[in-house]
Amino acid sequence: MIYGESKFQENIITALKLNKITVFSVPNGTKLKITQAWKAKREGMMSGVSDLIILLPKRAIFVEIKNPNGKGRQSPTQKEFQDTVTNLGFEYKIWDKWEQVQEFIKEVRQ
């Protein structure tokens, strides 16, 4: 499968929901007008937050989606967010291959 990051994320959401896994996105990549961006920041929008959050019983997983073409890299703020998440004891994953998604679904379904 070759497609961009957005389509990859859409397919991940579909697969997780089909497997009854609670997931939601954090739409930080949305282009906003400057006044909307200021308001969103005041309301808690934060640079670097992972693309997806998956909730399982007594488990929260933060997932950063990267383009499966292999060229996607974390920004410095994404790395900082990853450090924050893992230092708080939560799981953080970076998915850039469909096999990673399949392995996760298989693990959760066991």
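What follows is a working chat about a predicted model of one protein chain.

Me: Is this a predicted model or something else, and what should I keep in mind about local features?
Reply: The model is predicted, and local features need pLDDT of at least 70.

Me: Start with the sheet. What is the strand order?
Reply: The order is E1-E2-E3-E4, in an open sheet of four strands with mixed pairing.

Me: Which strands are at the edges?
Reply: Strand E1 (22-25) and strand E4 (91-95), each of which pairs on one side only.

Me: And how much twist from one strand to the next?
Reply: The twist averages 25°.

Me: What packs on the sheet?
Reply: Helix H3, residues 76-87, packs there and touches E3 and E4. The direction of H3 makes about 145° with that of E4.

Me: Back to the pairs. How do E1 and E2 run, parallel or antiparallel?
Reply: E1 and E2 pair in the antiparallel sense, over four bridges. Within that pairing, valine 23 has isoleucine 54 of E2 as its bridge partner.

Me: How many bridges between E2 and E3?
Reply: Five, and E2 and E3 run antiparallel. Isoleucine 54 is bridged to isoleucine 61 in E3, and leucine 52 is bridged to valine 63 in E3.

Me: Is E2 mostly covered or mostly open?
Reply: Mostly covered: of the five residues in E2, four are buried.

Me: OK, the core. How many residues are in the largest nonpolar one, and which have the most contacts inside it?
Reply: It has 18 residues, and those with the most contacts inside it are Ile12, Leu16, Ile54, Trp95 and Phe104.

Me: Which elements supply at least two residues of this core?
Reply: Helix H1 (5-18), strand E2 (52-56), strand E3 (59-65) and helix H4 (98-109) each do. H1 gives the largest share, five residues.

Me: What lies apart from it?
Reply: Another core, of eight residues, with Val26, Val49, Phe62 and Phe81 among them.

Me: Now the helices. How do H1 and H4 sit against each other, in distance and angle?
Reply: Their axes come within 11 Å and cross at roughly 15°. Angles under 35 degrees count as roughly parallel, so H1 and H4 are roughly parallel to each other.

Me: Is the crossing left-handed or right-handed?
Reply: Right-handed, for H1 passing H4.

Me: Which residues meet there?
Reply: From H1, Phe8, Asn11, Ile12, Ala15 and Leu16; from H4, Trp98, Val101, Phe104 and Ile105.

Me: Change of topic, backbone angles. What is the phi of lysine 20?
Reply: Positive, about 55°, although lysine 20 is not a glycine.

Me: Where is lysine 20, and is it buried or exposed?
Reply: Lysine 20 is found in the loop between H1 and E1. Its relative accessibility is 77%, and the cut-off for exposed is over 50%, so lysine 20 counts as exposed.

Me: And lysine 58, where does that lie and what is its phi?
Reply: Lysine 58 lies in the loop between E2 and E3. Its phi is positive too, about 55°, and lysine 58 is not a glycine.

Me: How many residues are between the strands in that hairpin?
Reply: Two residues are between E2 and E3, and it is in this hairpin that lysine 58 takes its positive phi.

Me: Buried or exposed?
Reply: Lysine 58 is exposed, with a relative accessible area of 89%.

Me: What about lysine 93?
Reply: Lysine 93 is in strand E4. Its relative accessible area is 24%, so lysine 93 is partly exposed.

Me: Which residues is lysine 93 in contact with, leaving aside its neighbours within four places in sequence?
Reply: Ile61, Phe62, Val63, Glu64 and Phe104.

Me: How far is lysine 93 from serine 50, in sequence and in space?
Reply: They are 43 residues apart in sequence and 9.1 Å apart in space, C-alpha to C-alpha.

Me: Last one, glycine 44. Where does it lie?
Reply: Glycine 44 lies in the loop between helix H2 (34-42) and E2. With 53% relative accessibility, glycine 44 counts as exposed.

Me: And how far is glycine 44 from leucine 16?
Reply: Glycine 44 and leucine 16 are 28 residues apart in sequence, and their C-alpha atoms are 26 Å apart in space.

Note on methods:
Residues numbered from 1 in each chain as written. Predicted model: local features only at pLDDT ≥ 70, side-chain atom pairs only at ≥ 80, totals over all residues. Heavy atoms only, no water. Core = buried A, V, L, I, M, F, W, Y, C linked by side-chain atoms within 4.5 Å. Buried < 20%, exposed > 50% of the residue type's maximum accessible area, 1.4 Å probe, protein only. Pairing = 2+ DSSP bridges. Axes fitted to C-alpha atoms, helices over the stretch in contact; angles between N-to-C directions. Contact = heavy atoms within 4.5 Å. Parallel < 35°, antiparallel > 145°, perpendicular 65-115°, else oblique. Left-handed = near helix turned anticlockwise from the far one by under 90°.
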